[in-house]
Amino acid sequence: MFNILVVEDNADMRELFCTVLSDSGYNSIPARDGMEALDIMDKEYIDLIVADIMMPEMNGYELTESLRDANYDLPILMVTAKDQFVDMQKGFRVGADDYMIKPINVKELVLRVEALLRRAKISSDKKITVGSTVLNYDALTVTINDKETILPQKEFYLLYKLLSYPNKIFTRQQLMDEIWGMFSETDERTVNTHINRLRDRFEGCNDFEIVTVRGLGYKAVKKVD
């Protein structure tokens, strides 16, 4: 069972988040502020933190920054009433992985926690397995039924991104920004070219396919459970 540390100075909100997460199968652990959160982490293994920003003693920014400085790489989801872009920007720059603005839809909170935990596992393993297909991030290889293929870097990163989030639609611009960089002058049609190459390479693969969503972009669909 995953341990989720809920750091929130509002008692009602803290209890609500803990209850919702516990009902969703997580072991939720409450903390009133950043200092108490650090004390808990000295005694408990924590898989993910849900943290408010505005708290006494140590706020969410300070908690996140101190954990990153100490080389903690667990996912951190910031939850706050601060809805200005500069606040969100600061949250990501000190090391937050995701950001939600109050009032919070608790169902969305659970979905984001699930996604962050899944992403953290993929990141630590650096491997994705879909049926008989295995992607190895460090080696840029795709192995299908023990046959290994080394892909060009951009092709591999595209496939890895799509298979990390099966059924999620990515626009061409999102893929451009992530794989080629936000300030790249490369044309969006380059994404189409790389997608077509991936389709040609894995035309006979029975584990997944890359689907074009007309007017939106692309998604990877698993053919196996």
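This is a predicted model: local features need pLDDT of at least 70, side-chain atom pairs count only at pLDDT 80 or more; totals for chains, interfaces and linings use all residues.

**Entry 1: around E8.** Setting aside neighbours within four places in sequence, I find E8 in contact with M13, R14, F17, A31, R32, D52, M55 and K102. I place E8 in the loop that runs between β1 (3-7) and α1 (11-23). Is E8 buried or exposed? Its relative accessibility is 2%, so I log E8 as buried. The side chain of E8 also reaches the backbone nitrogen of N10, at 3.0 Å.

**Entry 2: helix α1.** Next I followed the chain into α1. At its start, a side-chain oxygen of N10 comes to within 3.1 Å of the backbone nitrogen of D12. I count 13 residues in α1, and from first C-alpha to last the helix reaches 18 Å, close to the 18 Å expected at 1.5 Å a residue. Which residues of α1 are buried? I list R14, F17, C18, V20 and L21. Looking down the axis of α1, I see these buried residues fall within an arc of 165°, so they line one face of the helix. On the face turned away from that buried side I find the exposed residues D12, E15 and D23. Just after α1, I noted that G25 takes a positive phi of about 100°.

**Entry 3: salt bridges.** A reminder to myself before going through the pairs: side chains of opposite charge can pair when their charged atoms come close. My count for this model is 10 salt bridges.

- I looked up R32 and E36, whose side chains meet in a salt bridge at 2.9 Å, N to O. E36 has 23% relative accessibility and counts as partly exposed.
- I then took E155 and R201, which form a salt bridge with their closest N and O atoms 2.6 Å apart. E155 lies in helix α6 and R201 in helix α8, so this pair ties together parts that are 46 residues apart in sequence.

Entry 4: How many of the 12 residues of α6 are buried? I get nine, so the helix is largely enclosed by the rest of the structure. The buried residues of α6 are E155, F156, L158, L159, Y160, K161, L162, L163 and S164.

I then turned to the largest nonpolar core, which has 27 residues. Those with the most contacts inside it are L135, L159, L163 and F202. Two or more residues each come from β6 (127-130), α6 (153-164), α7 (172-180), α8 (189-201), β11 (208-213) and β12 (217-222). The largest share, six residues, is from α6. I followed up on L135: leaving out neighbours within four places in sequence, L135 touches K126, K127, I128, T141, V142, F156, L159, Y160 and L163.

**Entry 5: K107.** I find K107 in helix α5 (residues 106-125). K107 is exposed, with a relative accessible area of 68%. K107 and S24 are 83 residues apart in sequence, and I read 9.7 Å between their C-alpha atoms.

**Entry 6: the whole chain.** To finish, I stepped back. I count eight helices and 12 strands. The C-alpha atoms fill a box of roughly 55 × 35 × 30 Å along the principal axes. Of the 225 residues, 44% count as buried. Among contacts with a separation of 6 or more, 52% are between residues 24 or more positions apart.

How values were computed. Residues are numbered from 1 along each chain as its sequence is written. Side-chain values use heavy atoms; hydrogens and water are left out. A nonpolar core is a set of buried Ala, Val, Leu, Ile, Met, Phe, Trp, Tyr and Cys residues joined through side-chain atoms within 4.5 Å. Buried means under 20% relative accessible area, exposed over 50%, partly exposed in between (1.4 Å probe, protein chains only). Helices (H or I, at least four residues) and strands (E, at least two) are DSSP runs, numbered from the N terminus. Contact means heavy atoms within 4.5 Å. A salt bridge is a side-chain nitrogen of Lys or Arg within 4 Å of a carboxyl oxygen of Asp or Glu. A polar contact is a pair of N or O atoms within 3.5 Å; within protein, one must be able to donate a hydrogen and the other to accept it, and residues adjacent in sequence count only if both atoms are side-chain atoms. The expected span of a helix is 1.5 Å times one less than its number of residues. The arc is that of the directions from the helix axis to the C-beta atoms.
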